Amino acid sequence: MKIDLHIHTSPLSACSYIDPQELIQEARRLQLDGICLTEHQVVWDPDEVDKLAAEAGISIFRGNEFTTNQGDILVFGFYEDIKELLIIQDLREKVTAADGYMIVAHPFRGFKTFGIGQLQLTVEQACKRKVLEFVDAVEIGNGKLSPEENNMARKVAEKLGLPGTGGSDAHRVDEVGTWVTVFEKEIESEIELVQELHAGRFRAVKQDR
Ligand SMILES: [Zn+2]
Ligand SMILES: [Zn+2]
């Protein structure tokens, strides 16, 4: 089952231009089986998602992208709105209490442009990033990142033995589906999504649009 795990829509994510109805049409055109709505610091109302999904013909699940002191974290299975910047330890405690799942989003975004690249950041050094101690998985395929940035994330995840997810991080409709997470089983609910994440029965796949 092919799911784009990381999408922002308008108006809940102010930085996104994606209308939810257009998103559904595009996801169907791309033959995705499901999409996850991962807005910044805000979770969709479950009734509204049910309404959307009823007509969509594809699965729609909720997530959240939290900004923490250690960067952005995709969270599944924990559906609270928290607006302020979170300390990673605090988020981990809350998500663990809810039996939720945490994925570090785009962990090496900008590692070349911000100069770390010139310092020849090695995979070993990259593995020491503090955020990696607090997450269940690493986003190894993010549609907004360069292949080098994604490759670094993949190598780090492999070295640490963490599973890797894929998601487009789309903010425009023509960005949807560039990376997806392919799950081994059919997933029919958010509970099952979190179960399959915890079970590690998935892999990140890059897709042509
Ligand atoms: Zn982000
Ligand atoms: Zn994002």
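A residue counts as buried if 20 or more other C-beta atoms lie within 10 Å of its own, and as exposed if 12 or fewer do. I keep that at hand for today's entries, and I remember that this is a predicted model.

**Entry: helix H1.** I looked up H1, which covers residues 20–29, and found Leu23, Ile24, Glu26 and Ala27 buried. Why do they sit on the same side of H1? They cover an arc of only 165° around the axis, so they share one side of the helix. A handy reminder for me: an α-helix has 3.6 residues a turn, so residues three or four places apart point the same way. I then checked the other side of H1, where Gln21 and Arg29 are exposed.

What do the buried residues of H1 pack against? I found strand E1 (2–7), strand E2 (34–37) and helix H2 (46–56). After H1 comes Gln31, and I noted its positive phi, near 60°.

**Entry: the sheet.** I traced five strands in an open sheet, ordered E3-E2-E1-E9-E10, with mixed pairing. Strand E3 (59–62) and strand E10 (202–206) each have a single partner strand, so one side of each has no neighbour in the sheet. From one strand to the next, the twist averages 30°.

I also followed E9 (residues 179–183), which pairs with E10 in the antiparallel sense over five bridges. Thr181 has Ala204 in E10 as its bridge partner.

**Entry: the core.** The largest nonpolar core has 49 residues, and Ile103 is among those with the most contacts inside it. Leaving out residues up to four places away in sequence, I saw that Ile103 touches several residues, including Ile73, Val138 and Thr165.

Terms used
Residues numbered from 1 in each chain as written. Chains lettered and ligands numbered in written order. Predicted model: local features only at pLDDT ≥ 70, side-chain atom pairs only at ≥ 80, totals over all residues. Core = buried A, V, L, I, M, F, W, Y, C linked by C-beta atoms within 7 Å. Contact = placed C-beta atoms within 7 Å. Helix = DSSP H or I, 4+ residues; strand = E, 2+ residues; numbered from the N terminus. Arc of directions from axis to C-beta. Pairing = 2+ DSSP bridges. Axes fitted to C-alpha atoms, helices over the stretch in contact; angles between N-to-C directions.
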